[in-house]
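Dear colleague,

Please find below the structure that I am handing over to you, followed by an account of what was found in it.

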Amino acid sequence: MDVPLLRERMNDVTRIRFDETWRRTFGATTDTAASTARRDSRLQARHAHELEAHGIARRARGPGTSVNVPFTVIEEKEGALRQRFSLWTFEANNAIEADGYKASVPLEHVSKHLSAVHAECGSTRDFRCGFYGLAIPHSARGSFRFRDDADEWWELTRFPMGHTCAPEIMHTLTSTVAGHPDFVKQEHAVPSTLTVHTWVDNIRYAGSRKEVLEATRIVDDLAAQAKVTWKQADTRTASSRYEFIGVHWDHSKNKVGISAKLPKKLARDVEEVRTGAMSASGFETLGGRLLHASAIVGVLVGEVCGLSTMSASTATRGEPDDEHHML
């Protein structure tokens, strides 16, 4: 990703904030004398070699400037299970937060986005590599080191999800690529008559077919210049039906509904609750999904367990408390 090119398109307020967050992320160092117990957290060697093969990590000479915890999780993606790697930069995170950092990621509650269904059509874009599309500066890679179970040290070359500043940096870059008027200079912003929503590394345009087609043409051209690639499943042209942020959008009927994936996830969550197998973090995730679903269909959280029999709701129903966000 060509960060300097995108930085030049940011407005003054965005650029100042972005530069400060970038400095916190890649310019700070921490004292590795603390938290020595976590220094033994290791990744399986075969996973480290897979990361190297994909250009995400490379061998390092020894411990870096911060203690990190590497781990993998199993998740479902497009109907199949896959293993995702993450590096929890907990020591750097603690130092940055102690320095007063508060993330600025204005996602807003999903209910704030639903009125866009009344537009003629929409179009979506989703970063293919997400956080891994952002290269870590060479001078900062010592802060992103970890060890495998063969006692070999590695350092990441690509940005991990586990850093406290990661969501803000990605959301700002995505909003800049999208031409969001709150983030870019006026000459780079989409027309005021077009609705643009960004959600970390996802983009959605909604408006007239002519404006949506023009906006997607421009964003695709900029993506090519900035070395950003999209997922193949993206809507390549203006469409009346698609899914975005867990919502199924139907512009032809001016209705929204829950995406096909969400009921399946909720069904598994409810089964884990019934059998007592859900962890504390699982309950937190379930709470976020229930609030997300209830905002879409306009019902109380307790009623969402009957999702499979509900019809899509119009976008004009109630707006739950803004404090709740989908995790």
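**Sheet and strands**

Four strands make up an open sheet with mixed pairing, in the order β1-β6-β7-β2. At its edges lie β1 (42-43) and β2 (57-59), each of which pairs on one side only. Two strands are said to pair if DSSP finds at least two bridges between them; strands (E, at least two residues) and helices (H or I, at least four) are DSSP runs, numbered from the N terminus.

This is a predicted model, in which local features need pLDDT of at least 70 and side-chain atom pairs count only at pLDDT 80 or more, while totals for chains, interfaces and linings use all residues. Residues are numbered from 1 along each chain as its sequence is written, and side-chain values use heavy atoms, with hydrogens and water left out.

Within the sheet, β2 runs antiparallel to β7 (residues 153-156), and three bridges join the two. Arg 59 stands opposite Trp 154 in β7.

A further antiparallel pair consists of β8 (residues 195-199) and β9 (residues 202-207), with five bridges. Thr 198 has Ile 203 of β9 opposite. The two strands form a hairpin with two residues between them, and Val 200 in the turn has a positive phi of about 60°. Strand β8 is largely enclosed by the rest of the structure, because four of its five residues are buried (under 20% relative accessible area, with a 1.4 Å probe and protein chains only).

**Helices**

The axes of α2 (residues 12-26) and α5 (residues 166-178) come within 10 Å and cross at roughly 145°. Axes here are lines fitted to C-alpha atoms over the stretch in contact, and angles run from 0 to 180 degrees between N-to-C directions. From α2, Thr 14, Arg 17, Phe 18, Thr 21, Trp 22, Thr 25 and Phe 26 meet Glu 168, Ile 169, Thr 172 and Leu 173 of α5, where contact means heavy atoms within 4.5 Å.

In helix α4 (residues 90-98), the buried residues are Phe 90, Glu 91, Ala 92, Asn 93 and Ile 96.

**Cysteines**

How many disulfides does a search of the whole structure find? The search finds zero, a disulfide being a pair of cysteine sulfur atoms within 2.5 Å. Cys 121 counts as buried because its relative accessibility is 0%. Cys 165 is likewise buried, with a relative accessible area of 0%.

With kind regards

Notes
Buried means under 20% relative accessible area, exposed over 50%, partly exposed in between (1.4 Å probe, protein chains only).
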